[in-house]
Amino acid sequence: MKNPWLDIALADYEGHMSSPGVAQARLLADIFAEQLDIHKPRSLAVLGCAGGNGFERIASDITRRVVGVDLNGEYLNAVRVRFGTGFGQLELVEGDIQAATVAFAPVDLVYASLILEYVDVASTLRRVRDVLNPGGAFVTVVQLPAVHLPAVTLSPYTSLQVLEAVMRFVAPEDLRAAAEHNGLRQLSAATRQTPPGKRFEVQVFRAA
Ligand SMILES: C[S@@+](CC[C@H](N)C(=O)[O-])C[C@H]1O[C@@H](n2cnc3c(N)ncnc32)[C@H](O)[C@@H]1O
């Protein structure tokens, strides 16, 4: 089965995330910027980077190398147009993060926001270990279930609704256990919320 992300236009994804009833783009960019400020990585990999929401908040004098990975090559083309000259080194890797063929040199910080819901967590965490420097940080953002809200919030961007069928919530405690199994010790966890009320768990892990 073709991955539905390959059929979603970036304009639809970004329009959805910024629409008033969803209002996730701003919060996710803020969380990303906060984590960059805490870890100050010299090298960074963003798994499932889409169009690079928040990339404008990467301090290019601190973070010299930025790797963006996504299944959708059109999204990466947009990142190249938007940020191609913004960093010392920008590497864009098209493919499935679970595949061993999707490879790049290790980085100080691996950032995974709203992608673990679409992959096999165990195999993805094994891949994370391969691309994380010793002592490096792994930051995850997962969506928390809410009884009164659908997994994919309704918006005028109806092409997003196909994701309801493939999205799987990842319980933060399961993620913590799977990370520890891969030598990634949890340092912190915090819950954040959008104005419409959708909640997200931000977990920070450190590689042994
Ligand atoms: C919900 S979006 C999250 C985008 C961004 N990280 C954010 O927080 O707004 C999920 C992204 O992951 C990408 N993606 C989904 N499955 C993937 C996979 N197996 N390998 C690489 N990228 C994937 C999608 O194309 C999409 O850009």
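Predicted model: local features only at pLDDT ≥ 70, side-chain atom pairs only at ≥ 80, totals over all residues.
Colleague: What makes you describe β5 as mostly covered?

Modeller: The count does: 9 of the 12 residues in β5 are buried.

Colleague: Then why is A23 called partly exposed?

Modeller: For A23 the count is 16 other C-beta atoms within 10 Å. Partly exposed covers what falls between the exposed limit of 12 or fewer and the buried limit of 20 or more, so A23 belongs there. A23 sits in the loop between α1 (10-18) and α2 (25-39).

Colleague: What is there to say about phi in A23?

Modeller: Phi of A23 is near 50 degrees, which is a positive value in a residue other than glycine. K40 also has a positive phi, near 45 degrees, and again the residue is not glycine.

Colleague: Back to the strands. What makes you say that β1 is largely enclosed by the rest of the structure?

Modeller: In β1 (residues 43-47), 5 of the 5 residues are buried, so the strand is largely enclosed. S43, A45 and L47 point one way, L44 and V46 point the other way, and all are buried.

Colleague: How do you know that β1 pairs with β2?

Modeller: Pairing needs at least two bridges. β1 and β2 (residues 65-70) are joined by 5 bridges, and the two strands run parallel.

Colleague: Which strand pairs with β1 over 4 bridges?

Modeller: That is β4 (residues 107-113), paired with β1 in the parallel sense. In β4, the bridge partner of L47 is A112, while V46 stands opposite Y111.

Colleague: Why is β4 also called largely enclosed?

Modeller: 6 of the 7 residues of β4 are buried, so β4 is largely enclosed by the rest of the structure. β4 is joined to β5 as well, by 6 bridges, in a parallel arrangement. V110 stands opposite F138 in β5, and the bridge partner of S113 in β5 is V141.

Colleague: What makes L44, A45, L47, V110, Y111 and F138 stand out in the largest nonpolar core?

Modeller: Of the 53 residues in that core, they touch the most other members. Strand β5 (residues 132-143) gives the most to this core, with 6 residues. In soluble globular proteins, nonpolar side chains tend to be buried together.

Colleague: Which residues does V110 touch, leaving out those up to four places away in sequence?

Modeller: V110 touches A45, L47, V128, V131, L132 and F138. For Y111, with neighbours within four places left aside, the contacts are F32, Q35, L44, A45, V46, L47 and V139. Y111 and Q35 are 76 residues apart in sequence, with their C-alpha atoms 9.1 Å apart in space.

Colleague: How do you know that the radius of gyration agrees with a compact globule?

Modeller: With 208 residues, a compact globule would come out near 17 Å, and the protein has 16 Å, which agrees. The C-alpha trace spans about 40 × 40 × 35 Å along its principal axes. Residues 24 or more positions apart account for 69% of the contacts with a separation of 6 or more.

Colleague: And which residues come nearest to the ligand?

Modeller: Of the 20 residues around the ligand, W5, G48, A50, I97 and S113 come nearest. By class, the shell has 13 nonpolar, 5 polar and 2 charged residues.

Colleague: Last one: how many helices and strands does the protein have?

Modeller: There are 5 helices and 7 strands. From the N terminus on, they run α-α-β-β-α-β-β-α-β-α-β-β.

Definitions and conventions. Residues numbered from 1 in each chain as written. Rg over C-alpha atoms; globule rule 2.2 N^0.38 Å. Contact = placed C-beta atoms within 7 Å. Core = buried A, V, L, I, M, F, W, Y, C linked by C-beta atoms within 7 Å. Near = placed C-beta within 6 Å. Nonpolar A, V, L, I, M, F, W, Y, C, P; charged D, E, K, R; others polar.
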